[in-house]
Structure formats: structure tokens, C-alpha cells
Amino acid sequence: MWEKFFTDFSFMENPELSDLRQMAKKDEIPNRYGIPVYHSKIKSRSAKFTEYHYEITPDLETLFQEVFQHYQSRKWIKVERNIGQSPENSFRQLYIVPSEYARLAFMMTHNNFDPVGQKDPDIYIAAFPDWPDRRILVFPNLHFTMILGSDYYGESKMAGLRMAMHIMREERGGIGLHAGSKIYRVKNAQGQLTERGALIFGLSGTGKTTISVNSHNLVAPEGVEILQDDINMLTTKGNSYGTEKNFYVKTDSVSSTPELQDACLAEDAILENVYVSPEGEIDFDNMSISTNGRAVINRRRIPNTSDRIDLPQVNFFLFNTRRYDIPPVGKLTGPAQAAAFFMLGESTITSADDPTRVGETTRVVGFDPFIINKPEKSGNRLYEILSNHPIDVYIVNTGKIGGLDGIKITPEVTLKIVENIARGTIKWQYNEDLGYEIPVEVPGLDLSRFDPYRIYGKEEYKNMMEALRNDRRKHLQQFPDLYDQIKESI
């Protein structure tokens with residue numbers, strides 16, 4: 001029955017971007033920049049309303065029938081797009097939405113690639129934004145997602161990317177990763193110009209986008225090439241494929257990042273749930289509409305981007321976290337420990353997540369809330385890939401040392417650390433309490449003020465880390481199929 005959604009409605013197929021914007025004009029919030037700004041009813045992804053189904057039950061068949069009958073007289077838009085641009089590893093996506101919600105088709109078309117050649121869809125998404133009950137129904141075996149009662153673009157965007165990551169793990173032998181990507185062209189410790197590919201992970205508020213788009217003020221012939229800011233597909237060969245034509249960024253901090261702010265105010269940007277004053281001024285710092293303002297921006301408007309989105313070789317991972325009790329950076333001991341910290345996905349809750357729980361520890365496997373099932377399969381797959389490729393993995397703490405009112409690790413410090421990681425110029429030493437390496441020398445930086453032993457005291461800190469490592473080991477035990485060597489690496 002679900003296939004009828006894609007065949008039996010009255011469709012306008014693949015309208016031009018300009019036509020979609022014209023169709024969505026009625027929803028635009030006027031502003032002095034003349035760019036499309038939309039305010040959705042639902043302001044964020046509906047994680048609590050998301051269900052995973054592996055068979056079509058009679059109740060679901062009844063729901064399909066009810067939805068079909070309710071919507072069959074409406075006019076629809078059908079958009080066919082590509083996730084990724086590589087012939088070797090892309091995903092054809094078919095997206096349908098009622099014509100009254102042309103803004104969603106407009107954003108989807110702007111954010112993804114034109115389809116190339118004739119190919120059956122890999123992924124199907126049907127959006128019913130004004131259905132009275134909010135339910136996000138994910139059918140992994142069918143590669144189909146049904147969005148009921150949400151008009152938030154991020155829900156539609158991630159429906160495709162979530163399914164693509166699932167297909168990558170289950171059918172293509174690799175793993176989809178919630179991570180940005182970039183290439184560093186830097187001189188190494190021997191003064192030789194080298195290229196180093198990085199994947200940058202992190203939950204909201206940990207600086208993933210900040211690091212992904214930053215130039216580190218490098219001067220030619222050194223520099224960076226920014227590839228992606230959200231989802232990458234890591235293969236068994238140690239390379240990664242990008243997914244999106246443009247960037248979908250959170251706008252709460254773009255006013256402090258000129259490169260992003262300029263892109264967000266450019267003529268080809270699309271803004272969602274961003275405040276516009278009665279005078280038509282766009283104010284990214286005003287959160288009265290939502291703390292989850294978003295923008296689809298043309299990635300080429302960000303300095304140091306190029307046409308390509310794929311990373312030919314991954315050399316290192318950055319696991320961004322915000323904690324109060326670990327040094328600004330650490331180097332993990334090998335593939336097993338890297339997979340363990342991937343499974344832990346540690347950070348602390350920020351005001352953007354929940355103002356009432358700021359500072360509490362949170363853990364999300366892979367720093368990725370979109371893993372469909374059996375997350376230990378992702379941990380095991382990552383371990384297998386890292387075991388066959390020399391990819392270094394680092395924990396980068398972008399929080400504070402010493403508690404909520406402790407010493408802030410500033411972006412300038414973090415960016416200098418990452419630059420030195422790319423160069424390979426940090427001197428490391430194994431730390432018995434943490435169980436991994438920490439720096440003893442970082443060129444251009446004095447990290448002594450962030451030394452947790454000085455802040456907490458040697459004995460107290462030793463006990464803190466022992467308790468933390470025991471808690472981590474206990475946490476990993478909830479994944480029975482996770483490889484033993486991963487559980488034992490902490």
C-alpha cells in the first residue's frame with residue numbers, strides 16, 4: 001500500500017528551484033535582505049515521536065489507507081535528488097510533499113544534488129506535514145520514511161540521510177558517520193608540505209561546525225579545503241564520501257562566525273525559524289522564535305570550499321566533547337579504544353539542548369542520534385575499518401576544566417591544537433589515569449593552566465578518573481554484541 005503514495009497522487013515532478021520558491025512565497029517572512037525566511041510549526045526533529053518498523057502490521061495498513069484517502073485529492077510535489085555525487089557511492093532519493101508545503105521541496109532541492117542518469121530510488125520519503133498526529137515512521141527494510149505532522153525541514157532532510165547511513169552499514173560494507181570533513185595542507189614536523197584528511201565529530205555545541213569551516217589563518221601554500229559539515233560515508237578503503245550539495249547549519253552562533261553569517265545572509269540562503277524584526281532585520285541572536293534556528297546555505301559562499309565533497313583519504317578523527325574533567329586534547333591508543341569512545345559519544349548537555357540540565361553528562365553512540373538499530377554494529381564496523389587503516393583518533397575537549405565555572409578552553413586554543421594535530425607536531429605521553437596519551441608539548445601553546453591535576457589535586461583527580469573509567473566500562477556492557485576488545489580498551 002505504501003508504494004501508492006509515490007504513484008497514485010497528482011504530482012508536479014521536479015519543479016525548477018525558482019518555481020518552488022515562487023510556490024512557497026506565501027510562507028515567506030518579509031525581510032530587508034529579500035531572502036526566503038520560513039517559520040515552521042514544529043521547530044525541531046521529533047525524536048520522541050520516531051518509530052522503527054520492520055514489518056507492515058494491520059494497524060499500519062489501516063493508517064496508510066486513512067492517510068491516502070485524506071490526501072488523494074491534494075496537489076503534490078515530487079522531488080528526485082541525489083545524496084552524494086560519486087557514481088561509486090551515492091543514493092537516489094524520492095521525496096513527496098503536498099504543494100502547500102512547497103518550501104520543504106524548495107529546501108530539499110537546494111540542499112541536495114541533481115540526479116544523474118536513470119536509476120530506481122534507493123530511499124523513499126513521504127511527508128504529510130499537516131496530519132493531526134505527529135509520528136515519524138521509519139521502515140528500514142523498505143528504505144521508506146513516512147513523516148506525519150511535522151513541517152520542520154530538518155525532519156525531511158535527516159529522513160534521507162538517516163536511511164542512507166543505514167544502507168551504507170547494512171548493504172555497502174562501510175559506515176555512515178555524523179561528522180564534518182576537511183583537508184589540511186600543512187607543513188609537518190620535517191617542514192614538508194602534506195595533505196591530511198580529517199573527520200570531525202561532535203554533538204550540538206561542541207564546536208564541530210566551528211572546526212569544520214575554520215581556516216586556522218593558514219597562509220599559502222598552506223591552507224584548508226572544507227568538504228562537508230554533517231554526514232560522511234566511510235568505506236573499507238579508508239576514504240569517505242560526502243552527501244550534501246550545501247550546508248544546513250544551526251544559526252545560534254553564526255553572528256560570531258563571519259564566514260557563516262555572510263553565507264546565511266546571501267541571496268541564495270534559506271532560513272528557518274530565525275527571528276525577523278518588524279523592520280525586516282534578521283537577528284540570529286534573538287531566540288524568541290526558536291533556539292534551533294537553521295539555514296540552508298550555499299557551501300561555495302564559505303571560504304576554502306571547492307566543488308568536491310569526497311575525502312580521498314582519512315588520516316585522523318576528532319571526537320569533540322565538552323567535559324569538565326579531562327585535558328583539552330588526548331590521543332587514543334588504537335582502533336579498539338577509538339571504537340570504544342565512538343560508542344560512548346560523550347559530552348555535556350548545553351543550553352541549546354535543555355537549559356534545565358546544563359552541564360549534565362550525556363552519551364550518544366557515534367555522536368549520532370540517527371543510528372537506526374543495533375549501534376554496536378556501527379562500533380564493530382568502525383573498529384574493523386580502523387584496524388586496516390592508519391587513522392589516528394583524538395578526543396578534543398571544547399568545554400571547561402574544573403566545573404561549570406571552571407577555566408574555559410577557548411576556540412583559539414582548540415583551533416591551535418587541531419592545527420598541530422594536522423601537522424603532527426604535538427609530543428605525547430601516555431597517562432595511566434586517563435588510559436590514553438596527553439600532550440607534553442604543543443608548539444605555540446602553554447596548556448599548563450588547563451592541567452586537571454593542578455585544578456583538582458593529584459589524588460582527587462586519580463580517583464575521579466578511576467570512577468569515570470569504571471563508569472565507561474559499565475556503560476559499554478549494555479551492548480552485548482560489541483567486540484570484547486572494544487569493551488576492554490578503556
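**Loops, helices and cores**

Colleague: Where is Asn217?

Modeller: You'll find Asn217 in the loop between H5 and S11. Those labels are DSSP runs numbered from the N terminus, with helices (H or I) of at least four residues and strands (E) of at least two.

Colleague: Before we go on, what kind of model is this?

Modeller: This is a predicted model, where local features need pLDDT of at least 70 and side-chain atom pairs count only at pLDDT 80 or more, while totals for chains, interfaces and linings use all residues. Numbering starts from 1 along each chain as its sequence is written, and side-chain values use heavy atoms, without hydrogens or water.

Colleague: Back to Asn217, then: buried or exposed?

Modeller: Asn217 is exposed, at 69% relative accessibility. Buried would be under 20% relative accessible area, exposed is over 50%, and partly exposed is in between (1.4 Å probe, protein chains only).

Colleague: What about the phi of Asn217?

Modeller: Asn217 has a positive phi, about 55°, although it isn't a glycine. Most residues other than glycine have a negative phi.

Colleague: New topic. At what angle do H3 and H4 cross?

Modeller: The axes of helix H3 (residues 102-111) and helix H4 (residues 153-171) cross at roughly 45° and come within 10 Å. H3 and H4 are therefore oblique to each other.

Colleague: Which residues make that contact?

Modeller: On H3, Leu104, Met107, Met108 and Asn111; on H4, Tyr153, Ser156 and Lys157. Contact means heavy atoms within 4.5 Å.

Colleague: How do H7 and H11 pack?

Modeller: H7 and helix H11 (residues 458-476) pack at about 80°, and their axes are 10 Å apart. So H7 and H11 are roughly perpendicular to each other. Ala340, Phe341, Met343 and Leu344 of H7 meet Arg472, His475 and Leu476 of H11.

Colleague: Let's look inside. Which residues touch the most other members of the largest nonpolar core?

Modeller: Leu177, Phe201, Phe317, Phe319 and Phe342 do, out of 47 residues in that core. Helix H7 (residues 335-344) gives the most to this core, with eight residues. In soluble globular proteins, nonpolar side chains tend to be buried together.

Colleague: What does Phe317 touch?

Modeller: Leaving out residues up to four places away in sequence, Phe317 touches Leu177, Leu199, Phe201, Leu234, Leu382, Leu386, Ile391, Asp392, Val393 and Tyr394. There's also a second, separate core of 44 residues, and among them are Ile226, Leu265, Tyr394 and Leu447. A nonpolar core is a set of buried Ala, Val, Leu, Ile, Met, Phe, Trp, Tyr and Cys residues joined through side-chain atoms within 4.5 Å.

Colleague: Last one: where does Glu16 lie?

Modeller: Glu16 is in the loop between strand S1 (10-13) and helix H1 (17-23). Glu16 is exposed, with a relative accessible area of 55%.

Colleague: How far is the C-alpha of Glu16 from that of Val79?

Modeller: The two C-alpha atoms are separated by 10.0 Å, although Glu16 and Val79 are 63 residues apart along the chain.

Conventions: Axes fitted to C-alpha atoms, helices over the stretch in contact; angles between N-to-C directions. Parallel < 35°, antiparallel > 145°, perpendicular 65-115°, else oblique.
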